[in-house]
Amino acid sequence: MKIKNTKIYGAWVTGVLFIVFAMSLAFATFFEKDFGALAARAIVYEAWWFEFILFLLLLSLIWQMISNKLYKRNKLTIFLFHWAFVFIIIGAGITRYFGFEGIMHIRENMTQNRCVTNDNYINLELKDSLGNVLYSNIEKLIITPVKRDNYREYLDINDIRYKLILKRFVPNAIETIVDALDGEPIVALILSNGTSVSERIFLKQGDIKEYNNLKIGFSEDEFLDIKISFDGNKFFIESNKTINEFNMRTKYSSSHSLSEKILLEQSNIYKIGVLSIVPDISSKKGRVKVINVNSSKYPKNKQALIFELSNDNDVLEFNLFLDDSKAELLIDNSTLNITYGALSVYLPFSLKLSDFILERYPGSNSPSSYKSEVVLIDKNEGLKKNYSIFMNHVLKYKGWRFYQSSYDKDEKGTILTVTKDLYGMVITYVGYFILFLFIVLSLLNKKSRFRTISKSFFKSSVGKISILMLGFVLFTGQLSAGTNKLIVDKNFADKFGEILVQDNKGRTEPLYTLSNEVLRKISRKTNVSDYSAMQIFIGLYFNFNEWQHEKIIKISNQKLRKIIGVKEEYIAFSDVVNLKTNQYKLRAILDETYKKNQEKRNSFDKEVVNLDERINICYMVSAGEFLKIFPIQDKSFKWYTPQDAYAKTSVKKDSLYLKGVMSLLLLQLQKDVQRQNYAKSEEIVQSIINYQRMYSEYKLPSIRKIRVEKAYYKLRIYERLYVIYLILGFIMLMTLLYNVLFLKKLKKILQFLAFSLFVCFLMHSFGLAMRWYISGHAPLSNGYESMLFVSWVTILAGFIFSKPSRFVLSATSVLSGFTLVVAHLSFMNPQLTNLVPVLQSHWLTLHVSIIIGSYGFLGLGAVVGFIVLFLNIISTKKNKAYIVETIKELTVINYKSLTVGLYLLTIGTFLGAIWANESWGRYWGWDSKETWSLITIIVYSFVVHSNMIEGFKDVFIFNLLAVLSFSSVLMTYFGVNYYLSGLHSYAGGESVSIHPVLYAVIGLIIVISIISNVKYKKLFNNRI
């Protein structure tokens, strides 16, 4: 009994630690958004209490291994699981305390063996009058606006004990003069030499400073160019040069002779040659003091550390501005120097940058790759070897690792991340390997819980804790007859769409693709009034005078419609712009909108800006600004619009072609539209295509790839699929509920629906394959593509677990449909894009596909859990037995789905850590995405182990947790990508705010959970 209680107690302790750890991590990510990564490190990630929690978790893992005798052969897989996390935590500790991370900057043809630390240190050095170092100390110090480390040091100078402390940190610091009883005469002057740059100096009696080769002093020194003096009541200025005085209030000016004492007044400007002096502040008894000011009013302020040096008799306060090199004090013939900043670390070898190479996508400023060609020079080893350092390609030497981090703006220098963490990295990688091994073995082991779990595994006893858990997991949170409008045939429009065009981001794509992207931007549709995107694009370009009256521009805000004077949801360009009178109906409200700061703009302001953008896009199409379709023979990768290409080409034959080809095409189109034969127009289009392939300086997409891309946009697979998924899923779900309520089985209908869903799944897979082929990389590089993959994995999970219960397939069909709906919301960008350099790696496919795949299984668990809750609500005494059996089947499926999802999420997260180490030089940096992935792992680890905690081994609780825990997945994906800050912004679209519907959904889940719990306790008093 004692052992049993010990096990229960240990499980509860571990569970509480998991909850506290997860909540701490969640708090840190929101804190980082408001105050920055450094502040989050100081408050949480490097705080002693956080490390103490990790230490307790380590002890708890070891205790669980001992108390549950996991070292036995039949428990080997779970033993490996716990040991994996022991290794990972220990490796992280070694990295934390003994690893090194810094930055090395090298210019081309320069040799460098020095790097600087990422962390800042305070360096104290005491020297005697001969320059001998009497005492020195270097200490790491984290300073942020919200928290700073304490600093205290004791010094013995000439047998007197001094105490040095850091009193405060001033984040927006300026120096000013304040009155003080023990102060002295002091004045502040603003000096300018005729440029926009000025300098502020403070002078007290005895001070002499130099500015613009002039000596300025509050002194009687006869060699001064400018003297400040004080007669006990007023301050005066004199100079050995002529002073011109100008009063800013009276506009009166006067000239003063040499060495004439002039009253120093704040409203005056004193000019001596090109030097201007403006008195700022003065005090008969004052001191210079650093104060904190409002950063919005004083945006160019420095940061300052305020120190206090004291002994038994005296107290001296002084400051160190962080932009300055050091603070220096003279104490009894000894000099105390204090500096704060990064430390220099010298390596036992050197790197010479032979060449920095930056490659861009054709016709774009977007980098496709960048690398550093370096020479490794080790004189001690007699080594001199060439290396290339670029993204995902690391230079490793003697335990040091060099990663391509960034580069200078002039592209003549490189910035490398430098790390040294051999032991921590090896131990952590061992932990990762053991973890992956455990997951494989647990899936293969016939005695593992995943393989042996049955319907009798969970109980039906209900405790009060089931409802209390709501709080925790929700936290974690052709020129036609009778018209002059040029409307070309759709087949010709498709042929015209095969012309290639360079977009602004360097991708060379068919005009068909560009036209779809343009129309989606202005209309939120892929066709309008039965016109295809390509027909509309051709019409706007060749025949704008008529097409400007076509209602293709979406305007959803009713207030804005009223201002413009329209009632429809779609308007024409001419409804807003009158090109004859140059009248623009948005001009006044646009002016008011742009006067506001972005953070102060409301939804109406944003809609005004969006509508203005759509209007401008229409005009840009008409002006041909998007038609960058012509390369010219200038040995560059850049393509030009017809007008620009004609202006820039130096080849006479090309010039004649470029000048007339588009005009010739328009004339031919007007003839072909009337006779409905486009053969001659297609010949001109083909000549443009041939011209592109003849003169392009880089390899173009094949004809097959272009036609596949056209087919992809024409099929609109996912816009059709989400409707079909939702319809089939809801029909299947209603059919299954009919079976439950009336105890009838409609087997043939269910088989037909399942077959239909399988056909949809094949089309879904075909669409992903097309997108992969077109883009040349796995379709996982942005938010839209990841949602397509989540939907695919979700429906795949449904088929995997559909044999025991069709409820699973119906649930995944509905979930996949809603996922595709989200993918096509306004903040998602379905555009095919090039990859940023860091994503050009095999890790992209491996890491992201596994992570996104896990979301599908975890999402399945949430939907199955919700179905269980709903089955409780519709249960009656008549169908109780059938529902009990169904709930048993669904709960087992749910456990397996969550387990697979947790395994995939864990593998994906730590593969991401390995990728980060190969790309950026650190496998874990508490980025918000990393942190929330870890939180989600913790949350689902708690869920799948909840049966080990007394009061949690219950069918209702497990399924409730499965529903609520998915909020952590949503936060990891949407919350981080679109709300928090971090390194994973490439996975997101435009920033979005929290929609009120979310709160309604949370409320609905709570209500359903409560009702389900009441019904559950009423009908199922016996154990299931």
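Visitor: Is Val759 buried, exposed or partly exposed?
Guide: Partly exposed, because its relative accessible area is 37%. The cut-offs are under 20% for buried, over 50% for exposed and partly exposed in between, with a 1.4 Å probe and protein chains only. Keep in mind that this is a predicted model, where local features need pLDDT of at least 70, side-chain atom pairs count only at pLDDT 80 or more, and totals for chains, interfaces and linings use all residues. Residues are numbered from 1 along each chain as its sequence is written, and side-chain values use heavy atoms, with hydrogens and water left out.

Visitor: Okay, and which helix has Val759 in it?
Guide: Helix α21, which spans residues 747–775. Helices here are DSSP runs of H or I with at least four residues, strands are E runs of at least two, and both are numbered from the N terminus.

Visitor: Which residues make the nonpolar surface patch?
Guide: Leu715, Phe755, Val759, Met763 and Phe766, covering about 450 Å². Helix α21 gives the largest share, four residues. Patch members have over 30% relative accessible area and no salt bridge, and nonpolar side chains (Val, Leu, Ile, Met, Phe, Trp, Tyr) are joined within 5 Å, like charges within 9 Å. A salt bridge is a Lys or Arg side-chain nitrogen within 4 Å of an Asp or Glu carboxyl oxygen.

Visitor: New topic: how many disulfides?
Guide: Zero, by the rule used here, which asks for a pair of cysteine sulfur atoms within 2.5 Å. As for individual cysteines, Cys115 is buried at 1% relative accessible area, and Cys760 is buried at 7%.

Visitor: What does the Ser372 side chain pair up with?
Guide: The side chain of Gln404, through a polar contact of 2.5 Å. That term means N or O atoms within 3.5 Å; within protein, one must be able to donate a hydrogen and the other to accept it, and residues adjacent in sequence count only if both atoms are side-chain atoms. Ser372 is in strand β20, residues 367–378, and is buried at 0% relative accessibility.

Visitor: And where is Asn959?
Guide: In helix α27, residues 955–978. Asn959 is buried too, at 0%, and its side chain makes a 3.0 Å polar contact with the side chain of Asn894. Beyond neighbours within four places in sequence, Asn959 is in contact (heavy atoms within 4.5 Å) with Val864, Gly865, Val868, Thr891 and Asn894.

Visitor: Last one: how many residues of helix α10 are buried?
Guide: 10 of its 10, spanning residues 533–542. Among them are Gln535, Phe537 and Tyr541.

Methods
Areas by Shrake-Rupley, 256 points an atom, 1.4 Å probe, with all protein chains shown as cover.
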